[in-house]
Amino acid sequence: MPTIHFKVDSPLPPEAVLAALTDFGPRRAEIWPNIDSAHFKVHGQGPGWAEVTEGNSVAGGVWERERYSWDPAANSVTIETLDSNTWGPGSRWEYRLAPSSGGGTTIDVTAVRNGKGVKGRLIGAALSIAGTAMLRSQMEQALGRSRAT
């Protein structure tokens with residue numbers, strides 16, 4: 001069960017980071033490098049929550065149906081895996097946003113990835129080795145693309 005933890009510093013204010021994490025519009029697959037449009041679907045959403053399927057074509061296709069919950073007052077976003085072809089029960093993401101000097105944000109990210117099946121266990125092992133750098137880079141790319149819009 002790999003648990004990946006890292007921090008990202010962004011020049012965006014917390015409300016802009018929260019907006020990037022919780023924007024489920026048609027450009028989501030363009031902004032987030034680990035999501036492609038063929039594996040993205042919004043099932044439902046409301047104030048403070050969304051249920052979506054996200055994924056990409058890596059390793060023959062990796063997807064997960066997730067429930068996003070966020071609290072602007074607490075500057076937090078949690079994502080619970082509901083179903084996946086790769087990740088099992090208990091898989092989740094947690095984002096904690098803290099204002100930083102100069103008006104930016106420090107984002108504290110924790111990802112728990114419980115591999116499901118051979119594919120999930122192999123990808124989980126790879127994440128244990130290279131996941132921190134890869135996931136940090138993807139987050140930085142997404143925030144940079146979000147800022148450009």
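In which sense do strand β5 and strand β6 pair, and over how many bridges? In this predicted model, β5 (residues 76-84) and β6 (residues 92-99) run antiparallel and are joined over five bridges. Within this pairing, S76 lies opposite R96 of β6.

Strand β6 also pairs with β7 (residues 105-112), again in the antiparallel sense, here over eight bridges. A98 faces T106 of β7. The hairpin that β6 and β7 form has five residues between its strands, and G102 adopts a positive phi near 85° there.

The two pairings are set out below.

Read from the N terminus, its elements follow the order β-α-α-β-β-β-β-β-β-α.

The overall dimensions can be judged against a simple rule. A compact globule of 149 residues would have a radius of gyration near 15 Å, so the 15 Å of the protein chain agrees with that expectation. Along the principal axes, the C-alpha atoms fill a box of roughly 45 × 35 × 25 Å.

Of the 149 residues, 44% are buried. Among contacts with a separation of 6 or more, 49% link residues 24 or more positions apart. The accessible surface is about 7,400 Å², and carbon and sulfur atoms contribute 55% of that area. Finally, the protein chain carries 15 positive and 15 negative charges, whose mean positions are 4 Å apart.

Methods: Residues numbered from 1 in each chain as written. Predicted model: local features only at pLDDT ≥ 70, side-chain atom pairs only at ≥ 80, totals over all residues. Heavy atoms only, no water. Pairing = 2+ DSSP bridges. Helix = DSSP H or I, 4+ residues; strand = E, 2+ residues; numbered from the N terminus. Rg over C-alpha atoms; globule rule 2.2 N^0.38 Å. Buried < 20%, exposed > 50% of the residue type's maximum accessible area, 1.4 Å probe, protein only. Contact = heavy atoms within 4.5 Å. Areas by Shrake-Rupley, 256 points an atom, 1.4 Å probe, with all protein chains shown as cover. Lys, Arg positive; Asp, Glu negative; His and termini not counted. Charge placed at Lys NZ, Arg CZ, Asp CG, Glu CD.
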